[in-house]
Amino acid sequence: MIDAGTNGGAKVNASGGGVAISSDLAAVKRGWTVGGRVGYLVAPETLVYLLGGYSGTTAQSISYNFLGFPGTAPTREYHGATFGGGFERFFTDSISARAEYRVTHLGARDDLASDFMTSLSAGGTVHTLRGVLAYHLPTP
């Protein structure tokens with residue numbers, strides 16, 4: 001399994017006490033997962049499975065103005081393990097639908113503001129519920 005994706009557009013602006021922050025902080029610039037799944041056929045057309053893999057997520061950069069000192073933090077990439085499970089149901093030999101739940105544990109970084117300032121950190125856990133309609137290429 002190889003996944004890639006992107007989203008974005010949500011802006012975050014905050015200010016107060018001489019400090020201002022502006023960013024697409026809530027947005028992911030890009031993300032990817034490489035992994036696999038193992039499953040059990042509960043019926044000839046229905047698979048229940050567990051999945052695991054390794055993920056990378058790139059968050060949008062953060063612009064800030066701290067007491068008159070403006071700057072833009074570099075774009076950072078977070079990495080971590082992804083686990084989950086789901087089921088897949090085949091309607092024909094080439095069409096299936098999947099529903100799955102994933103949890104990705106992203107490692108924390110403490111260099112968000114710059115390579116030299118290590119007082120601002122971020123990381124965390126991302127929960128994802130996915131629905132997929134898939135077309136399977138015919139096998140020779």
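**Salt bridges and strands in a predicted chain**

Before going on, some ground rules. This is a predicted model, in which local features need pLDDT of at least 70 and side-chain atom pairs count only at pLDDT 80 or more, while totals for chains, interfaces and linings use all residues. Residues are numbered from 1 along each chain as its sequence is written, and side-chain values use heavy atoms, with hydrogens and water left out.

Back to Glu 45. Its side chain meets that of Arg 89 in a salt bridge, at 2.8 Å from N to O. Because Glu 45 lies in the loop between β4 and β5 and Arg 89 in strand β8, the pair ties together parts that are 44 residues apart in sequence. Arg 89 is also partly exposed, at 33% relative accessibility. A salt bridge here is a side-chain nitrogen of Lys or Arg within 4 Å of a carboxyl oxygen of Asp or Glu.

How many salt bridges does the rule give? The count comes to five. I will go through two others, both of which involve Glu 88.

Glu 88 forms a salt bridge with Arg 37, and the closest N and O atoms are 2.6 Å apart. Glu 88 is in strand β8 and Arg 37 in strand β4, so to speak of distant parts of the chain, they sit 51 residues apart. Is Glu 88 buried or exposed? Glu 88 counts as buried, at 1% relative accessibility. Arg 37, at 35%, counts as partly exposed.

The side chain of Glu 88 also meets that of Arg 98 in a salt bridge, here at 4.0 Å from N to O. This pair links strand β8, which holds Glu 88, with strand β9, which holds Arg 98, and the two residues are 10 apart. Arg 98 is partly exposed, with a relative accessible area of 21%. Through shared partners, salt bridges join Arg 37, Glu 88 and Arg 98 into one network.

Now the strands themselves. The chain has zero helices and 10 strands. Helices (H or I, at least four residues) and strands (E, at least two) are DSSP runs, numbered from the N terminus. Which strands pair with β8? One is strand β5, residues 46–59, which pairs with β8, residues 77–90, in the antiparallel sense over 13 bridges. Another is β9, residues 95–109, again antiparallel, over 11 bridges. Pairing requires that DSSP finds at least two bridges between the strands. For specific bridges, Gly 53 has Thr 82 in β8 as its partner, and Ala 81 has His 105 in β9. β8 and β9 form a hairpin, with four residues between them.

Two more residues are worth a look. Thr 33 lies in strand β4, residues 28–43, and is buried, with a relative accessible area of 9%. Its side chain makes a polar contact with the side chain of Ser 55, at 2.8 Å. A polar contact is a pair of N or O atoms within 3.5 Å; within protein, one must be able to donate a hydrogen and the other to accept it, and residues adjacent in sequence count only if both atoms are side-chain atoms. The C-alpha atoms of Thr 33 and Ala 81 are separated by 9.0 Å, although the residues are 48 apart along the chain.

The other residue is Glu 100, in strand β9. Glu 100 is buried, at 5% relative accessible area. A polar contact of 2.7 Å joins its side chain to that of Arg 102. Leaving aside neighbours within four places in sequence, the residues in contact with Glu 100 (heavy atoms within 4.5 Å) include Tyr 49, Gly 85 and Leu 129.

Last, the whole chain. Of its 140 residues, 25% count as buried. On confidence, pLDDT is the predictor's confidence in each residue, from 0 to 100. The chain averages 78, and 64% of the residues score at least 70. Where pLDDT is low, the predicted coordinates should not be read in detail.

How values were computed: Buried < 20%, exposed > 50% of the residue type's maximum accessible area, 1.4 Å probe, protein only.
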